[in-house]
Amino acid sequence: MFPEAAATLFSQAVLVKALRRLSAHGGTGGLQARRHFTTTRCLTGKTHPVRKPKEKVDIPGLERVTFGERMHYMPGLAKPVNPHWERDYKDPRFYRTPPAQEMPLYKEKPCYVYNQRTNALEGVLQALWLTKTKLISGLPPHLLSLVENPANQIPNQDERVQNAIKHARFWDTTENRPNKSKYSNTLLSNLLHVCATLQSSHPAMGRRLFADKYSLAASWQRGEDLLQIKGQNGLLHTCMDPLPEVSGKQEVADTEDHALKSFYPVSPTIDLQKINLYKEVNSSGFRDGYPYPHAHTLYFLDGVDTRCKLRPDQFRAKMVMFAFGNALARAKTLYGPQPQRLLEHPITVQAVGSNGRVFHFLVFQLNTTDLSGDDGIKNQVWLDEDADLYEFAKVRPLIKKKQVKVPAGLTGYKPETFSKFLALYLHGAV
């Protein structure tokens, strides 16, 4: 037993001594193992470690001897440090962005930007504080009463709306489950086409036009913070004539007693983009002299942008913010960018949001552009949320335990949801 143990210990000592020699001479001990999935193990099993750059030591009063004057490399002499060469022409391949502090648009005071992909943490509550707005549940009653008049109803209305839904969900695709972004866009186009059939009896509808992919920009002061809203918000229905006021002067005056809800300790500017390079711009996205300058209704589609998925509350906050932005941009165009005042004629903008099945309806009225403080007159918004147009649209029936839970086809159609859609479309034309 003892001779075998001694032999084992001797072999281990020899192996350790050999490994130490290899590591001292740059052998396998100084190598690092890496995993490579594109080449064989024999080629890339071991690689040399990356060399650390040497620190350059500059001694004041002592100049280094370089080979700069010799114009070629000389062993033992230091490498010269040449000054930065700037071209006398512009070459985009070698362009270097200057520091932000040296740009002409740089400002010490930051600006908080809300765009079409902003995911506000507090949702609608945060949007109400940013826009100094009072929330009213449900749509105004006099708007809903527009569709009760038989003259404002579409012949075979329910049948045509159901056919529009079937076209978007069943007839416009060959897939078992169509893409959400496709059928939601098709459904919105079909519903707008159904509403446009009333143009013969309502000539004012001919004074409208759709605009897509326009850029909005609006700036305002809220407390000590400068805010901006920018981006492309979706499909806009513009018109030659502005929408009438939803609430009267007495209702507007009553908003002075309304207290905005706080969400302390969360900051009101949370999730907004903070920038120092900006310019205070107020633009509705159209040039001066555009024949359809007034925003009528904004149409939002949820789930179309695959890189930005918003929850329902954040989606409704986006509707509030962009409806406010369009109204504010129009107010700055009419009354000037600087004065903060109570508007003699409030500006009304509507919004409709949908994911292809669930609809959200919104009416925003801008009463004032004085948004710095929490006191005074507030803006108003009417919000009707989570209205289902139908319950199920199945290409194949849903069967569980040999029982049909949901039949194939369209089920659970709710005509009152389309009535709200039609009421907002008729607003301003009746």
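Helix H6 (180-195), strand S10 (294-301) and helix H8 (312-335) each contribute at least two residues to the lining of the largest pocket in this predicted model. The space in this pocket comes to about 640 Å³. Its lining is made up of 22 residues, and those nearest the centre are Gln 232, Asn 233, Gly 234, Leu 301 and Val 304. By class, the lining holds 9 nonpolar, 7 polar and 6 charged residues.

**The chain as a whole**

The protein chain has 9 helices and 17 strands. Of its 430 residues, 39% count as buried. Among contacts in the chain with a separation of 6 or more, 75% are between residues 24 or more positions apart.

The table sets out two residues with their places and relative accessibility.

| Residue | Location | Relative accessible area |
|---|---|---|
| His 237 | strand S8 (residues 235-239) | 2% |
| Leu 146 | loop between helix H4 (141-144) and helix H5 (157-171) | 17% |

His 237 is assigned to strand S8. Because buried means under 20% relative accessible area, His 237 counts as buried at 2%. Apart from residues up to four places away in sequence, His 237 touches Arg 208, Leu 209 and Phe 210, then His 294, Ala 295, His 296, Thr 297 and Tyr 299, and also Tyr 425.

Setting aside neighbours within four places in sequence, the contacts of Leu 146 are Asn 152, Ala 423, Leu 426, His 427 and Val 430.

**Packing of H5 against H9**

Helix H5 packs with helix H9 (residues 415-426) at an angle of about 95 degrees, and the two axes are 11 Å apart. Because angles of 65 to 115 degrees count as roughly perpendicular, H5 is roughly perpendicular to H9. The residues of this contact comprise 4 nonpolar, 2 polar and 1 charged. On the H5 side they are Gln 157, Asp 158 and Val 161, which meet Pro 415, Phe 418, Ser 419 and Leu 422 in H9.

Technical notes
Residues numbered from 1 in each chain as written. Predicted model: local features only at pLDDT ≥ 70, side-chain atom pairs only at ≥ 80, totals over all residues. Heavy atoms only, no water. Helix = DSSP H or I, 4+ residues; strand = E, 2+ residues; numbered from the N terminus. Buried < 20%, exposed > 50% of the residue type's maximum accessible area, 1.4 Å probe, protein only. Contact = heavy atoms within 4.5 Å. Axes fitted to C-alpha atoms, helices over the stretch in contact; angles between N-to-C directions. Parallel < 35°, antiparallel > 145°, perpendicular 65-115°, else oblique. Nonpolar A, V, L, I, M, F, W, Y, C, P; charged D, E, K, R; others polar. 1 Å grid on protein atoms, 1.4 Å probe; cavity = no way out; pocket = protein on both sides within 12 Å on 5 of 7 lines; lining within 4 Å. Points joined across faces, edges and corners; volume = space filled by probe spheres on them.
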